[in-house]
Amino acid sequence: MTNMNYQIIKDESLLRDFIQWLPELEPHEKYYMCLFARSKYCKTVTHISSDKAQLKRFVTDKKRMYEKIKQLEVEVGAYRQKDIGIPEEALALYITPNPRNMFKASINTMVKLAHAIRDENVMMSPHQEALSEVQKAKSRTCYIDFDIDLDSQMQAMEIGVAMTKIKAYVNKEAVTYLKTRGGMHVLIDPTKVSKEYIKSFYQGLKSIAGVDQTGDQMIPVPGCTQGMFIPHFLNLNNGNND
């Protein structure tokens, strides 16, 4: 029987392990998540407005995260662009692994809304403005992210080469590797970086071939769809590759 709903969760065990791995939140913090339609994952589709077209975005804590993600699994065709249903292979779920500061986001939202009222911007959406401010309002740096793009035909070899280079710039206890469809995200916990690397690791990792973006970024959610690929940790316990 054909599945009539989108399948966002591809591996429940991987997802639950990821949720447990995420830093515990403080009272004023939440995680920001976004479901995208990505044209590059579905080349036959021409109606997706951008490479990362936002379909749904929301905030959640760890306790409610699995339930919130499950609620994204609506009837196939319910996600639409230009009034045309989006195929499941174009979907990708992302999260900010650094918690967002809801107090800071609230203040910034108030300022944005005040400016919109002053300028008589009747097209402004308070809901969307608030979510945009949440996305920007990093609370604390739990992870510094290095996004490495790799050749799809030689990823296994290139991952090994990249890991060897990474070990020269930072101690393994500080590193978590997230395998993604197009390469991997290297997540550095700054509190675990050894003294001998603390002043040089950022520039060192940034210099590695294939590093595309760095800093406070969104990452694909392990156990969930990324263009039908299932992102997963290569070393959930820091330093022990699978």
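**Notebook: charges and patches**

I started with Lys-52, which is partly exposed at a relative accessible area of 37%. I'm working from a predicted model here. I found Lys-52 in the loop between strand E1 (29-37) and strand E2 (53-60).

Next I went to Asp-147, in strand E7 (residues 144-149).

Then I turned to salt bridges; the count is 13. I checked Arg-140 and Glu-26, whose side chains meet at 3.9 Å, N to O. Arg-140 sits in the loop between helix H4 (126-136) and E7, and Glu-26 in the loop between helix H1 (12-21) and E1, so this pair ties together parts 114 residues apart in sequence.

I looked at Lys-70 and Glu-73 too, a salt bridge at 2.9 Å, N to O. Lys-70 is partly exposed at 42%, while Glu-73 counts as buried at 14%.

Arg-80 and Asp-83 make another salt bridge, with their closest N and O atoms 3.5 Å apart. Asp-83 counts as exposed, at 62% relative accessibility. I also jotted down a network: salt bridges with shared partners join Lys-112, Glu-129, Glu-133 and Lys-136.

Last, I looked for something nonpolar. Phe-103, Ile-107 and Val-111 make a nonpolar surface patch of about 290 Å². Val-111 belongs to helix H3 (residues 102-118) and is partly exposed at 41%.

Notes:
Residues numbered from 1 in each chain as written. Predicted model: local features only at pLDDT ≥ 70, side-chain atom pairs only at ≥ 80, totals over all residues. Heavy atoms only, no water. Helix = DSSP H or I, 4+ residues; strand = E, 2+ residues; numbered from the N terminus. Buried < 20%, exposed > 50% of the residue type's maximum accessible area, 1.4 Å probe, protein only. Patch = residues over 30% accessible without salt bridge, like charges linked within 9 Å, V, L, I, M, F, W, Y side chains within 5 Å. Areas by Shrake-Rupley, 256 points an atom, 1.4 Å probe, with all protein chains shown as cover. Salt bridge = Lys/Arg side-chain N within 4 Å of Asp/Glu carboxyl O.
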